[in-house]
Amino acid sequence: MKKVIDSRQNHPLFRQVYDYMLNRIDRGEWTVHTKLPSIRLLAEEINVHRLTVFKAYRSLTEDGKIYVKDKSGYFVSEEGFCSREIQEGNNCTNNAVPTTLSEIHRIPAKYQFSQALIDPNLLPNIYLSDYVKKVFDLYPKVMGTYANIQGDDELRESLCQHYRENHRLQLSSDELLITTGAQQAISMIAQVMLGPMDTVLIERPTYSKAIEIFRRQGARLIAVSIKQVGYDLAELETVMRTYKPRMFYMNPTHHNPTGYTVPAWQRKLLVELAEKYRCLLVEDDPFRDIYFNNPPPPPLFAYDTEGWVIYINSFSKYIAPGLRICAIACRNPLMEQLIKAKSLADNGTPLLNQKIFLHYYTSQRLQQHLGKLRIALQVHKEIMEEELTQAGWEWSAPEGGLNLWVKLPEDMSAETLFRASREQSISFVPGEICDPLGEQKSWIRLSYSFANEILLREGMQRLTALSRTL
Ligand SMILES: Cc1ncc(COP(=O)(O)O)c(C=O)c1O
């Protein structure tokens, strides 16, 4: 139970109510000098004790985010109203270390190790342009109509077949929804499934935008450590029993940022735990096909017979990030709710993108591309590893994915290294951004997939040399 207690100490409930209120102010629900709900009302609304809300309001008052008027209640202060803008503005313009992934990606860098994207030169650009022409010949009116909200029928049928044949997933095309990238899928699931202060389990570390999405939705996050051997299932069961989470967001295959893969034996047990404690498993699986030697175990979805797993499978990473094609697989009634959310989000992913993707995806070329890509990425990974070995940094070699999760030498902080690297046009992701507890300050995520081999070696040599001067 140690980690659970840690997570509560680091993010006590009143602190989560504090963040939750700041989020709502940030979203414009209350503007400057407007009155906030009374302690009693808020406590009822989000189902926590009044004292917890009182502590959160007291901290917000002490930090100048809200103010109290005698006998009238609590009001949003100017500072509270502007705090987010100020924070973002500062991060973008001065030498402060960014606090989000998108801020990091906005900083131009010659040695690009922060983007978990594949070098566009390794993607099938020319072939895809052939398919664009083919799609216009086959469907001359493709731009003249909306797509089906749930996704193109032909694409869903062919994905179902692929999932059945390759991943042992038993589904019908009614149980698939095409979304505009995995990020939209995560956002829609959060919107549909979560009420204020619902508990969400999230891996530590994790894909940092997922942390942001769930926080924005007002969720209460509990961190679950992921290790090379998977999760500590006894601990996870205690967490599920204690906190009754609504969902567990996980990336169990070539996990971002660590590259770990949860073993097959745990997958079956995880589904049993989900059933027992009525906790949805949101399985985000964008790196399944990016492996070096052996394919990973089947998705958790393959073990689920009762509808406790939502499967998100994005194709952004290894086919075309620009097409933004992703599929969600889940059972009803959840699927119906997600289709409604999708209709409100964008009325359907562009049909042209879906058709181009479909024709490439069902062609022989995909397998040839994947074969070559795996070799190229392994070479990239090994270059990065060679340089890290010489520097004496620590990491666990992943079996797939796009990143290395690296422990810096004892006395070095990611923040100091980030500042110095920025001067030399080198970018990476400080570990704290991937940590739902905002710690892991001596870890960094290095992506080996985006920079070409020459820049990769040169940049890594610069980075490790730089670290010796700090
Ligand atoms: C674990 C994980 N989920 C989702 C995404 C976002 O995928 P997409 O580009 O399909 O929105 C990423 C991108 O890095 C990711 O690493």
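Here is a short walk through this structure, from its domains to its core and then to one helix. Keep in mind that the model is predicted.

Let's start with the overall layout. The chain splits into three parts: domain 1 covers 3-87, domain 2 is built from 101-117 + 372-467, and domain 3 spans 125-362. If you look for domain 1 and domain 2, you'll find their C-alpha centres 36 Å apart.

Now for the inside. The largest nonpolar core has 109 residues, and the ones touching the most other members are Ile-202, Phe-214, Leu-281, Val-282 and Ile-328. Helix H9 (residues 181-193) supplies the largest share of this core, with seven residues. Domain 2 and domain 3 both give residues to this core, so it lies between them. Zoom in on Ile-202: leaving aside neighbours within four places in sequence, its contacts include Phe-214, Leu-221, Tyr-249 and Pro-436. Apart from this core lies another one, of 16 residues, with Tyr-20, Leu-36, Ile-46 and Ile-66 among them.

Next, have a look at helix H12, residues 264-277. From first C-alpha to last, its 14 residues reach 20 Å, close to the 20 Å expected at 1.5 Å a residue. Which residues of H12 are buried? They are Arg-267, Leu-270, Val-271, Leu-273 and Ala-274. Because these cover an arc of only 160 degrees around the axis, they sit on the same side of H12. They pack against helix H11 (233-243), strand E8 (280-284) and strand E9 (309-314). Turn to the other side of H12 and you'll see Trp-265 and Lys-276, which are exposed. After H12 comes Arg-278, with a positive phi near 50 degrees.

Methods: Residues numbered from 1 in each chain as written. Predicted model: local features only at pLDDT ≥ 70, side-chain atom pairs only at ≥ 80, totals over all residues. Domains from an automatic or database assignment. Core = buried A, V, L, I, M, F, W, Y, C linked by C-beta atoms within 7 Å. Buried ≥ 20, exposed ≤ 12 C-beta atoms within 10 Å, placed from the backbone. Helix = DSSP H or I, 4+ residues; strand = E, 2+ residues; numbered from the N terminus. Contact = placed C-beta atoms within 7 Å. Expected span 1.5 Å × (residues − 1). Arc of directions from axis to C-beta.
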